[in-house]
Amino acid sequence: MTKTTKYRAPALDKGLDILELLARTPGSLNLTEIALGIGYSKSEIFRMLQVLEARGYLVREGNDGAYALTNRLFLLGMERPPIKGLTEASLPVMHRLAEQIKQPCHLVVASQDQIVVIARVDAPSDIGFVVRVGHRRPLAHATSGAVLFAFQGEETQQRWLALMEAGEERFKRKPFLATVEQIREQGYAALPSEAVDAVTDLSAPILQDGHAVGTLTIPFVERHPVTVSVKQAIQHLRDAAKDISAALLH
């Protein structure tokens with residue numbers, strides 16, 4: 001726990017510790033590994049795991065019956081009115097964008113010191129780089145994260161910087177802020193992907209009251225012969241982000 005609280009709920013603490021541990025784990029963990037990971041005995045967490053599985057938050061994988069998170073928590077988060085409204089406003093525009101540029105696109109929001117992909121539209125062609133819904137990455141190591149940061153107020157930026165500096169992923173503050181300033185000035189980002197070679201991340205902010213509530217991002221792969229150039233894709237992207245921003249006002 002990051003804060004001391006006046007009241008304690010031991011069973012709830014155990015359940016949340018289990019969920020948070022599995023959220024940080026790329027694969028699945030068995031009963032012994034979970035017990036070691038959160039500092040409880042196997043007997044203390046056995047019933048908790050059974051309840052979480054029965055409620056659909058966990059699923060068994062493999063021959064050893066290891067536990068992994070389902071997407072139930074993600075789906076609950078998606079039902080929050082701001083996120084649901086953003087997704088509903090974005091998807092029709094995203095489908096139009098994908099048809100225009102013959103490339104996939106995805107919708108990103110901030111979650112603490114990370115970005116999370118909450119919706120995607122695949123390319124209407126045989127080739128395209130796909131980012132799965134639910135994908136997370138540190139804000140400082142994602143083009144969409146830099147765009148989200150660039151279009152926030154100073155108070156939010158300072159809070160995010162503190163989270164980023166306290167996080168496990170190291171980042172270079174000065175180059176990051178220089179990139180953010182450039183993005184702010186030009187209104188979008190076009191940067192080489194940190195995660196994949198030969199992919200250029202094109203990202204534009206979706207604005208509400210002057211602040212970015214999300215980004216629309218294209219993992220652009222240049223095809224031969226070129227049908228839609230990077231320059232053309234950027235213009236379509238910016239138009240789409242403006243259309244989504246306008247839809248959020250209604």
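The protein has 9 helices and 8 strands, where helices (H or I, at least four residues) and strands (E, at least two) are DSSP runs numbered from the N terminus. The model is a predicted one, in which local features need pLDDT of at least 70 and side-chain atom pairs count only at pLDDT 80 or more, while totals for chains, interfaces and linings use all residues. Residues are numbered from 1 along each chain as its sequence is written, and side-chain values use heavy atoms, with hydrogens and water left out. Taken along the principal axes, the C-alpha atoms fill a box of roughly 60 × 40 × 40 Å. Of the 250 residues in the protein, 41% are buried, the term buried standing for under 20% relative accessible area, exposed for over 50%, and partly exposed for values in between (1.4 Å probe, protein chains only).

An open sheet is formed by 6 strands in the order S5-S4-S3-S8-S7-S6, with antiparallel pairing; two strands are taken to pair if DSSP finds at least two bridges between them. The edges of this sheet are strand S5 (136-138) and S6, each of which pairs on one side only. Direction ignored, neighbouring strands of the sheet are turned by 30° against each other on average, the axes being lines fitted to C-alpha atoms, for helices over the stretch in contact, and angles running from 0 to 180 degrees between N-to-C directions. Within the sheet, strand S7 (residues 200-208) and S8 pair in the antiparallel sense over 9 bridges, and Ser203 stands opposite Thr217 in S8.

Helix H6 is mostly covered, since 8 of its 8 residues are buried. The buried residues of H6 are Thr143, Ser144, Gly145, Ala146, Val147, Leu148, Phe149 and Ala150.

Grid points are joined across faces, edges and corners, and a volume is the space filled by probe spheres set on the points.

The second largest pocket holds about 510 Å³ of space. It is lined by 30 residues, of which Arg137, His141, Ala142, Thr143 and Asp201 are the closest to its centre. At least two lining residues of this pocket come from each of strand S3 (105-111), strand S4 (114-121), helix H6 (143-150), helix H8 (173-186), strand S6 (189-192) and strand S8 (211-220). By class, the lining of the second largest pocket comprises 18 nonpolar, 8 polar and 4 charged residues, with Ala, Val, Leu, Ile, Met, Phe, Trp, Tyr, Cys and Pro counted as nonpolar, Asp, Glu, Lys and Arg as charged, and the others, Gly among them, as polar.

The cavities of 30 Å³ or more number 2. The largest cavity has a volume of about 50 Å³, and its lining consists of Ile101, Lys102, Gln103, Phe220, Val221, Glu222, Arg223, Val226, Thr227 and Val228. This lining of the largest cavity divides into 5 nonpolar, 2 polar and 3 charged residues. For the second largest cavity the volume is about 30 Å³, and the residues that line it are Pro104, Cys105, His106, Arg120, Val121, Asp122, Phe129, Val130, Val131 and Pro219. Strands S3 and S4 each supply at least two residues of the lining of the second largest cavity, which by class has 7 nonpolar, 1 polar and 2 charged residues.

The structure holds 6 salt bridges, a salt bridge being a side-chain nitrogen of Lys or Arg within 4 Å of a carboxyl oxygen of Asp or Glu. One of them joins the side chains of Arg120 and Asp122 (2.8 Å, N to O); Arg120 is partly exposed at 34% relative accessibility, and Asp122 is partly exposed with a relative accessible area of 38%. Another joins the side chains of Arg173 and Glu165 (2.6 Å, N to O), where Arg173 counts as partly exposed at 33% relative accessibility and Glu165 as partly exposed with a relative accessible area of 38%. The side chains of Arg60 and Glu53 also meet in a salt bridge (3.5 Å, N to O), with Arg60 partly exposed at 40% relative accessibility and Glu53 partly exposed at 28%.

Definitions and conventions. 1 Å grid on protein atoms, 1.4 Å probe; cavity = no way out; pocket = protein on both sides within 12 Å on 5 of 7 lines; lining within 4 Å.
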